[in-house]
Every structure is written in C-alpha cells, then in structure tokens.
Amino acid sequence: MLYVIIVLLVIFIVVLASCVSIVPQAHAYVIERLGAYQGTWSVGFHVKAPFFDKIAKKVNLKEQVVDFPPQPVITKDNVTMRIDTIVFFQITDPRAYAYGVENPLMAIENLTATTLRNIIGEMELDQTLTSREIINSKMSTTLDIATDPWGIKVNRVELKNIIPPAAIQDAMEKQMKAERERREAILRAEGEKKSTILVAEGKKESAILEAQAEKESAILRAEAQKEKMIREAEGEAEAILKVQQANSAGIRMLKDAGADEAVLQIKSLEAFEKVADGQATKIIIPSDIQGIAGLATSFKELVTK
C-alpha cells in the first residue's frame, strides 16, 4: 500500500510540474485547450489545466534576420542576373503567426522572390545596379502588407548581392576602365590648362611690374632733370641779380660821391669798352659823349682797338 501511495505521489508531482511553465523575456506561448485556441502566455509564471491544455507553439518575439539564397531575375532589357536578399522581420501577433500560414519562413522566401522579380522586371540593368534603395523600399512595403495577416512585421529588406552574367561583368569592367581613363585625361588636361594660365598670368604680372618700374624710373629721372634745371635757373637768376645789385650799388656810390655828368659819360665809355671786349674795330658813340673835353685821348685808344 505504501508503494502505491508513493507512486501516486510521484505521478502527481510530475503532472503538476508539467502544468507549470515560465515564459522567458521576448517570447510568447500559444495555448490550446482540447485542440482549440485558448490564449497566449506572455512573460512570467503560468499554470495550465492538466490533460486539457497544451502549448501549441512557442514564438520568438525578437527581430529575426533571414538570408535567402540568390534568386534568378530578368530585367526589362532581358538581362538575367542573380540577387540574394536579407529580410529583417519580427513577430507581432503570436496567434496569427501560429495559425496564419503553415510555414512562415518558406512563405516569406517565396513572397520575397516573386516580389523581387516583379520589381526588377520593370527596370533596366543600369537602373537596377544604381537603385538599391528604391528596390529595398518597394520590397519592404510590399512584404509588410502581405505578411501582416500572418502576424509578421517586415522591418526592412536589403539586397545583399547583385550578380550579373560574366559577359555583362566584363563589359562593365571595360566601361569602368574607359571611364576612369577619360576622367584621368580630363584631370590631366585641366591641370595643364591651369598651369598654362598660371604661367601666362605670371608673365603678365611681371610685364606689368616691369612697365610700372620703368615708368617710375622715367618719372624719377624727369623729376631729377627738372630739379637740376630749376637749380640752374635759380643759380643764373641769382647771378644776374647779384650783377644788377653790384651795378646798382656802383651807380649809387657815384651819385653819393657827387659825380657830374662827365664822369657818368666816362663810365659809359668804359661800358662800351667792355662790350667791345677787345675785338671790335669800330664803335659808334653818341654825339653828346664826343663833345666832352679831355676825352679825345680815350676815344682814340678805343677806336684803334
């Protein structure tokens, strides 16, 4: 009897332990009772009814990342390429996720492939290679709307790799090489052009500076010549002024000495003598001077000279 009680007690403890569950953080449990949806357990301690309730599905509420293999797609200009995508999604409704679709990940993969083919089919090759952001945005919007009934929120979609055919890759590499060579030639030509412009501007500035220097030198020479002429003119004027002052002083002295008219006329004869400078052979003397007595000898000497 004791053994039976012990066995029953162990069975009771095992059953009780199976009915107790602790839901961890960022998880949810979908509970069914007799095959029908009963409820969703969130984080914490929970107890279910034995033999009637069961955990139908354990759902991870964290954001999940799925990397799908490359899918063949055809562009608008009939170029076949392979594109692999990465989908970032999160389960927001555990009940819809448990009962909305049989295999959610496979459904998302197929939906991603078909959506990608539809979007790429409306673009040409060059547009496809340069429009990653547009493609990502369109796919994210389309997948989010399509997966909403499944309790899944698609946060974003990224194109991981775009793999065109080998022939297209070779043509693209040649095109890129030609473009790089063209840019290099343009940069070299622009550099040479700038160098030529700088040299020409340097020569121009040098010529301007030389012309300015010559002009300033000519101005300085003209000013020096002008200053020299002014000084010479001032010297001559000063010499004439001194001669005139000396003559005036001599006349004034004669007047102060009381010299009569005869003396003045004799001085006039001396002045005529200086004019002749010893080279004149004939001098015309006014008649009033010739009539002066006592001046015949001086007059003869002057005529003989």
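In which helix is Arg-132 found? Arg-132 is found in helix H5, where helices are DSSP runs of H or I with at least four residues and strands are runs of E with at least two, both numbered from the N terminus. This is a predicted model, in which local features need pLDDT of at least 70 and side-chain atom pairs count only at pLDDT 80 or more, while totals for chains, interfaces and linings use all residues. Residues are numbered from 1 along each chain as its sequence is written, and side-chain values use heavy atoms, with hydrogens and water left out.

Arg-132 counts as partly exposed because its relative accessibility is 33%, which falls between buried (under 20% relative accessible area) and exposed (over 50%), with a 1.4 Å probe and protein chains only. Its C-alpha atom is separated by 6.9 Å from that of Leu-159, 27 residues apart along the chain, and a polar atom of the Arg-132 side chain lies 2.8 Å from the backbone oxygen of Leu-159.

Leu-159 is also touched by Ile-135, where contact means heavy atoms within 4.5 Å. Ile-135 is, with Ile-83 and Leu-116, among the residues that touch the most other members of the largest nonpolar core, which has 29 residues; such a core is a set of buried Ala, Val, Leu, Ile, Met, Phe, Trp, Tyr and Cys residues joined through side-chain atoms within 4.5 Å. Strand S8 (80-91), helix H3 (104-120), helix H5 (132-147) and strand S9 (152-163) each give two or more residues to this core, and H3 gives the most, with six.

Note on methods: Polar contact = N/O pair within 3.5 Å; in protein donor to acceptor, adjacent residues only side chain to side chain. Lists of a residue's contacts leave out its neighbours within four places in sequence.
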